[in-house]
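Let's walk through this model together, one question at a time. Have a look at the sequence and the structure first.

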Amino acid sequence: MGVPQGWLLQLLWLLVTSIPTEASQEIDYTPVLSRKPLEGRFTSSTFTLDQPIGQFNSSTISDTDDIWLVVAFSNATQDFVAPRLPQDIPHASTFLDKKYYMTIRAHRALYSGEMNARELHILRVGNQTNCTVSECNKPLPGPGPYRVKFLVMNNNKGPVAETKWSEDITLAKPVEFSESRAPGKSSGTIVIIVILAILLALLFLALVALLVYTCFDVCGTKEISGPQETFQVKKYNTHHAFSPSDTGRS
């Protein structure tokens, strides 16, 4: 009595799926926020990490392997499963649905530690505002908290190595702009402006009154003659004056 072909296929499938897959190597490294005194080390939509310099020198990692940064909400790290194929990589466009995504793809040459020590070795997460590719490093949607780790992937083997998850990273809360906090809009400022306006108005009225009073005072006490006014001069003869006709009559 022969064994049905369906049973053979199921048995073969069980044998294949029961073979344990090679687990990725765990790297003893925890991503941390940059300790450098940078302006904007973290904002309401970005944060800055130290680069994992010299952490991917293992022989199991090749120069062509992709090193991804995994970003997740802190309460969703247990739900993250490393993808086996490149087309299964979760990108930023699905972050709010899956609660995690992968971004900032690099190779270990970038983190080799052979770079100039004077250079700034940082990674700014959420730094791309204009995203045109699927693996965009777009701004984070809120304060979080978030956790991150680095994942090394081989295009044929899948996950090769990964670091530990970081501690919780909470972003700065956006500054809420309200009318009550707007410059020049507080009640005290309004009262001061009203008082100054009243004082300026009173001062202006006092100046006008002073000018009017001065004008009336000057114009009302002096007569000003015009060109049309005429006057006569009366001729007088003193006793010293005499004419020749008067002498002849005496």
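Q: Is Ile104 buried or exposed in this predicted model?
A: The relative accessibility of Ile104 is 19%. Buried means under 20% relative accessible area. Ile104 therefore counts as buried.

Q: Which strand holds Ile104, and what is the phi of this residue?
A: Ile104 is found in strand S4. Ile104 is a residue other than glycine, yet its phi is positive. The value is near 50 degrees.

Q: Where is Lys99 found?
A: Lys99 also deserves a look for its backbone: phi is positive, about 75 degrees, although Lys99 is not a glycine. Helix H2 covers 95-98 and strand S4 covers 100-106. Lys99 is in the loop between helix H2 and strand S4.

Q: How does the relative accessible area class Lys99?
A: Lys99 has a relative accessible area of 36%. Buried means under 20% and exposed means over 50%, with partly exposed in between. Lys99 is therefore partly exposed.

Q: How many helices and strands does the protein chain have?
A: From the N terminus on, the elements run α-β-β-β-α-β-β-β-β-α-α. That pattern goes with a count of four helices and seven strands.

Q: What percentage of the residues in the protein chain is buried?
A: The protein chain has 250 residues. Ile104 counts as buried. Buried residues make up 27%.

Notes
Residues are numbered from 1 along each chain as its sequence is written. This is a predicted model: local features need pLDDT of at least 70, side-chain atom pairs count only at pLDDT 80 or more; totals for chains, interfaces and linings use all residues. Side-chain values use heavy atoms; hydrogens and water are left out. Helices (H or I, at least four residues) and strands (E, at least two) are DSSP runs, numbered from the N terminus. Buried means under 20% relative accessible area, exposed over 50%, partly exposed in between (1.4 Å probe, protein chains only).
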